[in-house]
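Please open the model in a viewer and keep the selection panel at hand.

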Amino acid sequence: MQGQADGPRRAAESDSDKGRRGRQGAAGQGRHDFFGEFGGRYVAEVLRSPLDELEIAFDEAISDSAFQRELDGVLRDYVGRPTPLIAADRISDQIGGARIYVKQEGLAATGAHKVNNAVGQALLARRMGKSRIIAETGAGQHGVAVAAVCARLGLACDVYMGELDMRRQKPNVFWMERYGARVLPVAGGSATLKDAVNEALRDWSASFEDTHYLLGSVLGPSPFPDMVREFQAVIGRETQAQCAERGIEPAALLACVGGGSNAIGFFSPYLENEGTRLIGVEAGGRGTDPGEHAARMRGLGRPGIVHGYKSLFLLDEDGQVLPTHSVSAGLDYPGIGPQLAHLGRTGRVEFRRATDQEALEALDYFARTEGLLFALESAHGAAAAPAVAMEYSNDQAIVLNMSGRGDKDLFIGARELDREGWKRFLKEEYESL
Ligand SMILES: *Cc1c(COP(=O)(O)O)cnc(C)c1O
């Protein structure tokens, strides 16, 4: 497969991105990537040297064919790439309009796209001589992917997780521990993802000699947004090759957007291709009131600097980070990756929202009609697909990224879709213990 042999490389940059490199930081050292006004490296002095070291190592690695071969090998033999591109024919026939195709990242090891980035960064860390990996996790999906990859590569793994999240996401804590990772509870603040990020950064400030911080989305200080995008761009490159094999030129690509890593990885090879619309779908939750959703675009987010980067965040009047809500834990984050914030502003990427209810309905519809069980996150993209398809005729095609599969959502899905049956099951399970 074409996309396989390519290995990681910098995706073509759009016009609006040109010129962002070569910018000097306040201290006048090294380049700091901005995407328009967003991005940057707003960190304490002590983190400058590990970020510089990481940036240099990453730039060297991606232009080294030996590293690319190693990465391609792990993606093929462990992750199971390339993932299939599936025609959703029954749904396309029912809806009319453009034919809908699904890029099935749910078949990647550990069940979602997150493993692509985990493998890339873990191999980079090993190449840099680091023996320990730390990561933050919210819902636990990133933590599970990192824990699995560290077990595979023989690296020590500590995952920071908010205490509240550990209670809510017990199954993922259990799986991380099976993979041999230590899950470190974070009690401060709201005891959720943002506090886990702060704790991971604090650890890294003192441990970077032997430790790599494996950040989970296209967020954080430079070079993370660039690096994570490049490790996820394998999704878009495979899609391009698989579409070319079938003679498809997609009219639109659709993906859900939390931090934005599956979306930008899927979109990035298409950024220059103006003939393909790029559509990101955010978590509309229960409505647009503060605290009820996790949508940052279309006027809901404000510019701010959080966790070392500038982007659009859900903030209150005082600039404090607002609570967020989504039925899907993976989209439940107040910030969006700086490159997507910029591409939204320039209009290259369009943003829509899907509510909790719409995502749950899409999950059911794709499961029942196509035998595809979407993760709740990915189901937000699926919810937007029929309306987009109907804007086109049936000789055109759109591609929907299924960022993950839904098995992990048993506890939330069953509570929402089969409350009584689930209650009975849990009660009987408990009594049998
Ligand atoms: C974590 C996650 C997301 C959201 O993260 P992005 O960085 O926006 O891709 C989406 N889908 C699945 C299945 C996830 O696990």
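Rings of Phe, Tyr and Trp (its six-membered ring) are paired if their centres lie within 6.5 Å; planes under 30 degrees apart count as stacked, over 60 as edge-to-face and the rest as tilted. Select W204, Y213 and F224, which ring pairs link into a cluster. The model is predicted, so local features require pLDDT of at least 70 and side-chain atom pairs pLDDT 80 or more, whereas totals for chains, interfaces and linings use all residues. Residues are numbered from 1 along each chain as its sequence is written, and side-chain values use heavy atoms, without hydrogens and water.

The ring rule gives twelve aromatic pairs. Turn next to F366 and F374: their ring centres are 4.9 Å apart and their planes meet at 55 degrees, so this pair is tilted. Both F366 and F374 are buried (under 20% relative accessible area, 1.4 Å probe, protein chains only).

Now select the ligand. Domain 1 (34–76 + 114–223) and domain 2 (80–111 + 230–417) both contribute residues to its shell, so the ligand lies between them; the bounds come from an automatic or database domain assignment.

Display the polar contacts (pairs of N or O atoms within 3.5 Å). A polar side-chain atom of H113 is 3.0 Å from a ligand oxygen atom. For S261, a side-chain N or O atom lies 2.7 Å from an oxygen atom of the ligand. At G258, a backbone N or O atom is 2.7 Å from an oxygen atom of the ligand. The ligand taken alone exposes 380 Å², of which the protein buries 97% (Shrake-Rupley method, 1.4 Å probe).

Technical notes
Polar contact = N/O pair within 3.5 Å; in protein donor to acceptor, adjacent residues only side chain to side chain. Buried < 20%, exposed > 50% of the residue type's maximum accessible area, 1.4 Å probe, protein only.
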